[in-house]
Amino acid sequence: MVNFIFMFKRLFRISLFFIIGFALSGCSSTQFQDLFSGYAKQMEKVRQAQLQGDFTRAQALITNRQKGDNNYALSMLERARLQYLLNDWQKSRDDFSLVYKTLEEEREKAKIQISKGLKQVGAVISNDNAIRYEIPAYEQSMMHSYQALNYLNLGDLEGALVEIRRANLVQAQALKDNQSSIDEAELDFNRNALDSALQNAYPSMDLMTGDLKNGFQNAYTFYLSGILYEAAGQVNDAYIDYKKALEIYPDNHYLQQDVLRLATKLVMVDDLEHFSQLFGPLKDKAVEVVGEVVLLIEQGMVNVKDDLSVHLPIFYFYDDARYFSFSLPVYRDDVYGYKEAILTFDQTEYRGAEIVKLQSLASKSLSDKLPAMVARQAVRVIAKEQLRKQMSKNGGDIGNILANLYNIASEQADTRSWLTLPNNMQIVRLTLPVGKHEMSLSVAGQSQTIDIDVNKNRLTLVNVSAVGSVLNYHINEL
Amino acid sequence: MNKSMMYAVVGFVAIMTTGCANKAVVRYGDANAVETVDTNFGSTDLQQVAKQMTSSLVLSPVVGTLTANSRPIIFVERIKNKTSEHIDTESITDSISTKLLQSGKFRFVDMTRVEAAREQLEFQHGGGMVDPNTAIKFGRQIGAQYMLYGNLSSIVKSNIDKTDVYYKFTMRLMDLESGLVEWADETEIRKTKSKENVGW
């Protein structure tokens, strides 16, 4: 009996350390549910509602998070995106700017953050969900793109251009950051004994990543940027962004035409010669009394990260490699069926051309993070094993069972990502005579008639969103 | 575990968990004080830009001859925001036009309130409430002779150690009749922020 009380006292002491650990990670809190149920699972109902086109309900289903919560920024992204789909530009803009504010605050912080370090400690005895969600560059670029559209829909082209410049800053910064960090991580990773074992256990996401060179350059953002610059009369800026987009999607024939058109207009002699050799001459020379129509079509929903259990050898003592099982996030290879959008006008069919595949960006972003994740997992497995040993020593069988239960329950992969984003985006661009037109658009089995008013020498932007069974559109005359 | 240790731990946890709450304090401050909260465009930048531009414009010899015998009428077009921040550029033009007006050398027409003025005139003429003899007549306003406009652009660079923001503010005064730019000036502002090494 005395022994029993003694044992509980020991257990109490251990749990006290836990409490202190969580309390220390202090100002920003981890919700209890985040530790024991993955983010993707929590978002399941939201995504279902979104697929059914019930954006109001989807929005209501998002867990309310306070500022300081690890997933605060992420939940605001989800909310703002749904508000965008609900055509509530004002609210969407406000929420996105809150996210931007937290990003700014994060950027301003000291190089070494004690609270961050403590969180890593917290994550060692639980899982990666105890670490603050860092918004990857591709999500940031999408955020600024939506924010630009929000400003545009509210009639503020100058504000939209500010967002576009922010997006371009993100893309430039990401390119710079990633280059060095990827190189470093790859070096470490190759040296690691885990390497070959991991490659056997972890499915290849190459198919999803495709031939995309980098997971942070978002051609859609560049294209949107080009359109808005063109609308603002800054043709040279537009030309640069079209060219950047073309670098990522060299086969997109609309992009090719845009670059040729602006190269002609700006008399970029060398460029024009180079691009004409690649893509042939500019197709439709500017005809009198025409306006341009650009359709930006977003389709489907981005995949969720899945929880993958892998067995990997960890060098526990010097020579003693033991196999431990742990969870890693993964994108399964079920690529969302990409379907071409078809626009019919005047008995001519115009096919959509892909401008971004967000799934590729997401997969690439995940595989870049993987080495660090595996390293953290290795530390975690050892820490948890130590914990189990301690508890079994101090608490006997009960301690052992409790520790095992905790270890199993807390073994959750970090499945967090912006889940209300579309899967891919396509563009259609055409020149039309001035006046009212009716065209029909069909995306993935859904059809919609679009009434459009084309103004002379002006650009009409149509944002189409085809998610699940819904096909919505919104027209902006630029 | 002895009791005093227990209390110490409980006390520590209590302090840690409540530690995030700070008491808010409200104070009045100097509106002209230098503000260095972050590198974004702030009140000090606005004041500096407005001050430099006005004194440059008022002291410029060309403008001196223009204003020697008359008070030219100016309209402020707008400041184009080409930065990566949402800046209320109307506030900058407001400061500048107020200062110029106060210098007594210029007169202004305000394009931002044209609609409101039109509504008032329409009310005076069509509302039946105003004595037609006292109603202000249409078509008697005076046209502007000069247009004031400008650009605000920025270059932002940052790495892990610091952030550097450079602002360039350009202003021009155009003679609407001849199309000539009579005056132009620019102000530059550079702000850097080095990050702390260690922080909470």
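The predicted chain A comprises 478 residues, of which 41% count as buried, and its secondary structure consists of 17 helices and twelve strands. Among the contacts between residues at least 6 apart in sequence, 71% join residues that are at least 24 apart. The confidence of the prediction averages a pLDDT of 79 over chain A, with 76% of the residues scoring at least 70. A stretch in which pLDDT stays under 50 covers residues 24–28 of chain A, and for these residues the model has 18 contacts beyond four places in sequence.

Five strands of chain A form an open sheet with mixed pairing, in the order S7-S8-S2-S11-S12. Strand S7 (353–357) and strand S12 (470–477) of chain A stand at the edges of this sheet, and because each has a single partner strand, one side of each is left without a neighbour in the sheet. On average, and with direction ignored, neighbouring strands of this sheet are turned by 20° against each other. Within the sheet, strand S2 (residues 290–299) of chain A pairs with S8(A) in the antiparallel sense over ten bridges, and A:Val294 has A:Arg429 in S8(A) as its bridge partner. Helix H13 (residues 219–231) of chain A packs on this sheet, where it touches S2, S7, S8 and strand S11 (459–467) of chain A, and the direction of H13 makes about 115° with that of S7(A).

A further open sheet is built from four strands of chain A, in the order S6-S5-S9-S10, and its pairing is antiparallel. The edge positions are taken by strand S6 (348–351) and S10 of chain A, each of which has a single partner strand, so that one side of each is left without a neighbour in the sheet. Neighbouring strands are here turned by 25° against each other on average, direction ignored. Strand S5 (residues 342–345) of chain A runs antiparallel to S9(A), to which three bridges join it, and A:Thr344 stands opposite A:Ser440 in S9(A). Strand S9 (residues 435–443) of chain A is in turn joined by nine bridges to strand S10 (residues 446–454) of chain A, again with the two strands running antiparallel; the bridge partner of A:Leu441 in S10(A) is A:Gln448. The hairpin of S9(A) and S10(A) has two residues between the strands, and in this hairpin A:Ala444 takes a positive phi near 45°.

Two helix contacts can be described in detail. The axes of helix H7 (residues 89–108) and helix H9 (residues 137–153) of chain A come within 9 Å and cross at roughly 145°, in a crossing that is left-handed. On the side of H7(A) the contact is made by A:Trp89, A:Ser92, A:Arg93, A:Phe96 and A:Val99, and on the side of H9(A) by A:Met143, A:Tyr146, A:Gln147, A:Asn150, A:Tyr151 and A:Asn153. By class, the residues of this contact comprise six nonpolar, four polar and one charged. For helix H14 (residues 235–248) and helix H15 (residues 253–265) of chain A, the axes likewise come within 9 Å and cross at roughly 145°, and the crossing of H14(A) and H15(A) is left-handed. The residues that make this contact include A:Val235, A:Ala238, A:Tyr239 and A:Tyr242 of H14(A), together with A:Leu255, A:Val259, A:Leu262 and A:Ala263 of H15(A). The contact of H14(A) with H15(A) divides into ten nonpolar, one polar and three charged residues. An α-helix has 3.6 residues a turn, so residues three or four places apart point the same way.

Helix H16 (residues 269–279) of chain A lies largely in the open, because the number buried among its eleven residues is one. Just after H16(A), A:Gly280 takes a positive phi of about 85°.

Elsewhere in the chain, A:Glu411 lies in the loop between helix H17 (358–409) and strand S8 (424–433) of chain A. A:Glu411 counts as partly exposed because it has 19 C-beta neighbours inside 10 Å, whereas a buried residue would need 20 or more. When residues up to four places away in sequence are not counted, A:Glu411 touches A:Asn127, A:Phe326 and A:Ser327. The C-alpha atoms of A:Glu411 and A:Ala362, which are 49 residues apart along the chain, are separated by 23 Å.

Note on methods:
Residues numbered from 1 in each chain as written. Chains lettered and ligands numbered in written order. Predicted model: local features only at pLDDT ≥ 70, side-chain atom pairs only at ≥ 80, totals over all residues. Axes fitted to C-alpha atoms, helices over the stretch in contact; angles between N-to-C directions. Left-handed = near helix turned anticlockwise from the far one by under 90°. Contact = placed C-beta atoms within 7 Å. Nonpolar A, V, L, I, M, F, W, Y, C, P; charged D, E, K, R; others polar. pLDDT = per-residue confidence, 0-100. Buried ≥ 20, exposed ≤ 12 C-beta atoms within 10 Å, placed from the backbone. Pairing = 2+ DSSP bridges.
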